[in-house]
Amino acid sequence: MTRKLETYVKRIAAQTDCSRSERDDLYEELLSHVLMRRDEEMEAGKTEEEAEKEAMNMFGKEACIGDGLQQAMFPFRRELLLALAVLCFMFTFGKYISSLTQTREALWFVLYGTVGHSTVLFFALNRVFAVNRKLWLALALVLNFLFLVPQWSGLGFFGSGSLGPVLPLILLLNLYLLYRTVLTYEQKKKHKKSRRVIHIVNITLGLAGGAAGLYIHLIAMGFGASATILLRVLIPMLLWAVLYAVQILLLPRFPKLILGSLVLTVLILAYMFWPVIVPYAAGLFD
């Protein structure tokens with residue numbers, strides 16, 4: 001087994017949006033095919049170097065086979081990511097120019113969403129990513145979504161202006177790619193259904209609860225509350241993220257226990273709304 005062949009196969013596997021374990025399985029499968037072809041060429045009388053070249057030529061160029069695997073495993077993923085990034089940039093700059101022409105003020109904070117858009121664009125254009133591409137792509141989509149949600153203010157669902165109808169479509173595309181990314185597993189993956197349940201519950205409650213909790217506490221700050229009130233959102237969200245990671249890591253060992261721990265997920269996220277829930281509940285018994 002030569003390092004040259006290993007490097008060749010690793011570069012091919014690195015061009016797919018798989019998790020690290022899925023990429024390792026793909027690497028082992030591809031490597032076995034390459035080594036088999038090399039051995040066949042050597043048995044036919046070729047030198048080891050010539051046999052290795054023939055084995056690599058069996059697949060073709062790294063970029064071509066990597067793209068082919070990517071398209072087979074995740075059809076149109078790159079195109080949709082690129083479309084999302086372009087739409088986000090067009091929306092953000094369109095809103096900035098609209099604000100600039102109407103108020104004649106350069107509101108720089110309108111452009112902060114470009115941070116999230118840039119992360120999505122990076123994954124749309126970058127073919128090789130050494131670490132857990134699936135995880136980081138999901139985090140990039142979450143970041144982009146969180147930067148887009150505040151832009152909803154003043155637009156409404158269908159919108160009062162020309163930019164209004166665009167944002168709901170962008171948010172739906174962002175959510176689709178997020179769920180599509182985290183819920184895609186290879187056929188042989190263990191506890192696949194349980195993993196999907198954990199992802200769906202955590203992502204849905206995390207995004208909805210986090211956005212609603214942040215919105216409520218920002219309104220409270222607008223009425224004079226201290227900025228420390230945001231800790232009621234940030235601390236539960238941090239605990240939720242840690243619990244989410246633990247659930248995924250320990251699922252293979254304790255599947256039933258981990259599914260039961262989703263109750264903790266609900267309770268942790270509900271803690272953000274205790275200042276609203278408690279007075280409301282108390283009023284029902286008055």
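**Helix α10: packing, surface patch and neighbours**

Helix α10 (residues 231-250) packs with helix α12 (residues 262-270) at an angle of about 170 degrees, and their axes are 9 Å apart. Angles over 145 degrees count as roughly antiparallel, so α10 and α12 are roughly antiparallel to each other. The model is predicted. Helix α10 also supplies five residues of a nonpolar surface patch, the largest share.

**The α10–α12 contact**

- From α10, the contact is made by Pro-236, Met-237, Leu-239, Trp-240, Leu-243 and Gln-247.
- From α12, Leu-262, Leu-264, Thr-265, Ile-268 and Leu-269 take part.

**The nonpolar surface patch**

- The patch covers about 670 Å².
- Leu-238, Val-242, Val-246, Leu-249, Leu-250, Phe-254 and Leu-257 make up this patch.
- Val-246, one of the patch residues, sits in helix α10.
- Val-246 has 34% relative accessibility, so it counts as partly exposed. The class lies between the cut-offs of 20% for buried and 50% for exposed.

- Arg-195 belongs to helix α9, which spans residues 192-222.
- The relative accessible area of Arg-195 is 10%, so this residue is buried.
- Beyond residues up to four places away in sequence, Arg-195 touches Tyr-185, Lys-189, Lys-190, Ile-248, Leu-251 and Pro-252.
- Arg-195 and Gln-247 are 52 residues apart in sequence, while their C-alpha atoms are 8.9 Å apart in space. Gln-247 is also among the α10 residues that contact α12.
- Ser-194 is likewise placed in helix α9.
- With a relative accessible area of 16%, Ser-194 is buried; the cut-off is under 20%.
- Ser-194 touches Leu-251 and Leu-259, again leaving out residues up to four places away in sequence. Leu-251 is also listed among the contacts of Arg-195.

**Helix α5: Arg-77**

- Arg-77 lies in helix α5, which runs over residues 77-103.
- Arg-77 counts as buried because its relative accessibility is 2%.
- Arg-77 and Ala-124 are 47 residues apart in sequence; C-alpha to C-alpha, they are 8.2 Å apart in space.

How values were computed: Residues numbered from 1 in each chain as written. Predicted model: local features only at pLDDT ≥ 70, side-chain atom pairs only at ≥ 80, totals over all residues. Heavy atoms only, no water. Patch = residues over 30% accessible without salt bridge, like charges linked within 9 Å, V, L, I, M, F, W, Y side chains within 5 Å. Areas by Shrake-Rupley, 256 points an atom, 1.4 Å probe, with all protein chains shown as cover. Salt bridge = Lys/Arg side-chain N within 4 Å of Asp/Glu carboxyl O. Helix = DSSP H or I, 4+ residues; strand = E, 2+ residues; numbered from the N terminus. Buried < 20%, exposed > 50% of the residue type's maximum accessible area, 1.4 Å probe, protein only. Axes fitted to C-alpha atoms, helices over the stretch in contact; angles between N-to-C directions. Parallel < 35°, antiparallel > 145°, perpendicular 65-115°, else oblique. Contact = heavy atoms within 4.5 Å.
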